[in-house]
Amino acid sequence: MSKALLDRLATLLGDKLLETTDFRGDEVALVAPADWHAAAEFLRRDEKLAMGQFTDLTAVDYPERAPEEPRFDVLLFVRNPETHKRLRLKTRLADGKTLATLTDLWAGASWAEREVYDMFGISFEGHPDMRRILLYKEFEGHPLRKDYPIDRAQPLVPYRDADDTHKLPPFGVDEGQPFARTDWSRRLEGLDAQVSPSLAVAAGQRASLSSEEVHPVHAPEPAADAAASEN
Amino acid sequence: MGEMTFGGAGEDANFFTTKFDALLGWARKYSLFQYPFVTACCGMEFMAVASPRYDMARFGAEAPRFSPRQADVLWVVGTVSQRQGPVLKRIYEQMTEPKWVIAFGTCASCGGFYDNYTTIPGIDKVVPVDIYIPGCPPRPEAVLDGLMLLMDKIQNGNKDPLVVPPRELPKLAQLRAKKDAKP
Amino acid sequence: MEHPILFLLGITLAKIVFVLAVAVAAFAPLLIWAERRQSAMIQDRLGPMRANVRLFGMNLTLGGLLHPIADAVKMFWKEDFIPPKADKFLHAIAPMIALIPAIAAFTVIPFGNTLYLDALGQVLPADGAIESTRAIHLQIASIDVGILFIFAIAGTGVVGAAIGGYASDNKFSLIGGVRAASQMVSYEVVLGLTLVPCFMVYQSLRLEDMAVWQHVHFWGILHPPLFIAFFLYFTAAVAENKRIPFDLPEGESELVGGYLTEYSGMKFGMFFMGEFIEVVVLGALAVVIFFGGWDVPFLTRSGFDCFGHYVPMVHWLVALTQVVGFIVKIIILMWFQLMIRWTLPRFRYDHVMKLCWKGLLPLALLNILFTGVLLLAWRN
Amino acid sequence: MEPLDTHDFTDDDTLELPAEPMRLNMGPSHPAMHGTIRMVLDLDGETVVNVDVQPGYLHRGFEKSCERGTWAQVFPYTDRLNYVSPMLNNVGFALAVEKLCGIEVPERGQYYRVVLGELARICDHFTCNAASGMELGAFTPFLWLMKVRDWIWDVLEKETGARLTHSFGRIGGMAMEPTPDLAMDIRAILPEIEKVVVETETMLVRNRIFMDRMQGTGVLSKERALELGVTGPMLRSTGVAYDVRKDSPYMVYDRFDFDVPVGEDGDNYDRFCVRMEEVRQSMRIVEQALDQMPTDGPVSVDDPRMMLPDKERVYNSIEGTIAHFKLIMEGFAPPKGEVYSFTEGGNGELGFFIVSDGSGTPYRVRVRPPSWFNLQSARELLIGGMIADIIPTFGSVNMIGGECDR
């Protein structure tokens, strides 16, 4: 695919276009957060680009980049319904900063922005209805941030005390499926919290088993340990 | 097991209470109005259980009442998230006695592989459960097993929670039958 | 005809018991069973068939007939729930208001020809008056305005749904109740008007007279104006029954349970029964008005008389055949209603109203005009 | 008391009785809300004045869970995204990772994916239309279509081993070769399916009540649909012939002759009919794919970096054991980078945006759920309609909880 779209965007944006990539045919344009709305407006209104179809808006968290560099990537996926061309607009946003909303350009951005707010804690200025959408309002934290432990549940109803009724579960707390039935009360207190693997790497832990460690003869033993330490 | 019997022998002091309980159990087990609390994937298999091939209606458990007041058995079909928890609890409280709960599928039984911040690890954390049907999703045969297990439970007045046992391998069942037949 | 008062009382009681036994104790569970099995047949399923009784060593399932009985027994011992903020009195009486008028409507429905108790074993003459001191009309009460009585009493049943919806302290119930009230009020009008051509033809409001008229002439359905009237009446009757496609007050997928939402146990059962009995009542009414009531083709008071082939029958056999014929006709009509129930999707509220006021009502009025013109032309 | 004359009775507003709108909470446990959506309605009589659609009751942490395991361990989660057509999700994710790695699956594997995927699509459309019908009170067509779905599931079970959640896709191919009976089985059921489709259509499509309920309700305009990111049958019903299989053909879709059915009005009836017609088109694709499918050859790429070795090698050779062990414990590591890959799912454009940091664990898996954006449009479709219109509209939007809330 030619880079016609990116060239067109470069002429429109000039210096504001920080970087373009074309990895595996996905055309990506990087802009600063301040130019986010302006760049999106070009994508929408320019008659050559005419990205009339909203596709997606999401974010990626890179906690290891902080604090020197902005922590989040926010990405906008749009498509031209006539020429079937697609373009991805990207910006890098620091924690705590806000971004201009795109709901005035594509109405479809509304729920996507609410979801990004819910999952990453990035709020969008000018959004008409900035509420949590997938989680409940009592929820603390933003789960798709890498530093949110995956199993830190925040129950809305107190878990039932199994002693008060004759209908006991037929298996003990630790039995059943061990994958899901670890000691949830300890986990709720954060004593047995799992951390996302990428954070573990940042903290100096092994991401996974490296090939040097696999000794052909003793293969199973270190593997079990490594798997246990990873999770 | 579990049929209403008339004209049998064995009168004892509590003849009428026993008979009455038997009658009530019989009526209840063949008239299970269900409240399907369908949230997720298992709902597809739940539809299949109601479909012509498996036909849950054969057991008299066909009438879905979407008002919890009229339902006897609450089918929790699918994953229950933390956000859904209060809703489930409320529905259970709204049901009128006697009531039973079936945890349909692994997610409802113990959370399944959604072992994370948003999923309740088994609905027994919120409501008491009578029958656990394992499987992700369970096959309709397992669901029918679970339903029959519940019917037995109702007839016998058994209050303990039960798990649908895995089906025996046909080969294993044959071998066992052979061994039993020998002596 | 001079009867001792005790004899009258006994006969009336016997008739009441018969009607109750047939309509309530037998028809309603049968209908529920038929509904479940019939729907299963349409849908390639088997339907309920597991409930069994072990009776002296035999294992009886009766093709699932025991399931409705299990339902009834269970409902009696189900917790009776009253919403805390509900109007407790109204909440309690609403199901009765729904059930009792439906049963009461049976009082005026003739389920057989006159029965001569002292001539049971004889073959009666085909025509002419019979001298008998013990003649019984197979009808609980013979009222001059029989059909109006039915409309009046069936209209009361609506109040049950409306009150139930109002008293439940639930918004879904309220919407259901309001829908029920407006739907019934609208269709009551049409139901009445569709039957006006029948009065014009039969020249009577007594149901037993209508049956006799059809026995003497042809069945009502064979007369063109009444043929049209039947379809209008049947549509309105299905709507009056609150069954799919007209089950908006219940509207399971939109209003959860409509006016029934907050009812449990036997109160719910009473609404449920009331609905099924109404099906029977309106079916029976259609049979009496359009399908000759107890009339069986070619069966006269003296026996079968089919194009010259004459088979004499004793009086009790004739009476029995007529009663059975009446019941069979009701069953066929009910079965027809079941087929509709399982074939059509549900109306929307405004479409139902449109169908009533813009469709059925003008047609019913036109039919009255048509009947009048035909009758005038016939008599002149 | 003010004199009556001061009122202007020609104005309609003054004639209306003042009334507060009634607030009604529908769901999440409401028969028509599929258990996972809550709607807070403001009602004026039976008319919906305003509605707040609240998804999220089935949020299961898909994206977070994917960041925990290996790339291959994402497949079971994708099954449970759109659980009505799991195979399409499996293939969609596999294609995304393959795009990241720059590999292509052998031809036979591609045809196999197409065949199973189209069968899954038929199931998806059947389920949606059946459920729409059922919620309108037509219970019989629902059960007929469920019966047919079971036949398709039989084939899928024979191929994959599971009725519903197959987890059959692999990075670089499929888990197993097709069974020898594949073509025979499918050719046996397709004519039967056609019959039931015709039966169902005779029950519903020309039914006056059904048409009244569906036509003119839930109307979505073409421009609005594009702006809202609506895709799939819902977008096609508005008249936009956008189908990923035609516009950006992936796998071998450019070799098939099939039409993209489009509607005109964008109402519920069009959505229903578009889905019914797409079932026919899918059946055409399946037939052509079976004709063109090579009878032998590999289904998966021959690349030891991502494909598990044969069981025989695992048990008998030390290299096999190590390769197996490393693939299971450490996982296959795609190159560093981020790609967005999109396929035509059951409800529209199913996109996977994946970010790899070069390790065996996905750094981020973002799924672009078609139902999410389709459901977003529901608010506009519902306002101004009646309560009863919520049911067909919501049914034809075909919100699939697992995919929508993830």
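Colleague: In what order do the strands of the open sheet of three strands in chain C lie?
Modeller: In this predicted model, the pairing in that sheet is antiparallel. Strands β5 (299-300) and β7 (309-312) of chain C are its edge strands, since each pairs on one side only. The order is β5-β6-β7.

Colleague: Which residue is the bridge partner of Leu299(C)?
Modeller: Strands of a sheet pair through backbone hydrogen bonds, either parallel or antiparallel. Here β5(C) and β6 (residues 303-306) of chain C pair in the antiparallel sense over two bridges. In β6(C), the partner of Leu299(C) is Phe304(C).

Colleague: What area is buried between chain A and chain D?
Modeller: On the chain A side 61 residues are in contact with 53 residues of chain D. Carbon and sulfur atoms give 56% of the buried area between the two chains, which is about 4,700 Å².

Colleague: How many salt bridges are there between chain A and chain D?
Modeller: A salt bridge needs a side-chain nitrogen of Lys or Arg within 4 Å of a carboxyl oxygen of Asp or Glu. Lys90(A) and Glu338(D) meet in one, at 3.1 Å, N to O. The count between chain A and chain D is eleven.

Colleague: Which element supplies the largest share of the side of chain A that touches chain D?
Modeller: Elements that each supply at least two residues include β4 (72-79), α3 (109-120) and β3 (53-61) of chain A. By class, that side has 33 nonpolar, 13 polar and 15 charged residues. The largest share, nine residues, comes from β3(A).

Technical notes
Residues are numbered from 1 along each chain as its sequence is written. Chains are lettered from A and ligands numbered from 1 in the order in which they are written. This is a predicted model: local features need pLDDT of at least 70, side-chain atom pairs count only at pLDDT 80 or more; totals for chains, interfaces and linings use all residues. Side-chain values use heavy atoms; hydrogens and water are left out. Contact means heavy atoms within 4.5 Å. Buried area is the accessible area (1.4 Å probe) that two parts lose on being put together, summed over both. Helices (H or I, at least four residues) and strands (E, at least two) are DSSP runs, numbered from the N terminus. Ala, Val, Leu, Ile, Met, Phe, Trp, Tyr, Cys and Pro count as nonpolar, Asp, Glu, Lys and Arg as charged, and the others, Gly among them, as polar. Two strands pair if DSSP finds at least two bridges between them.
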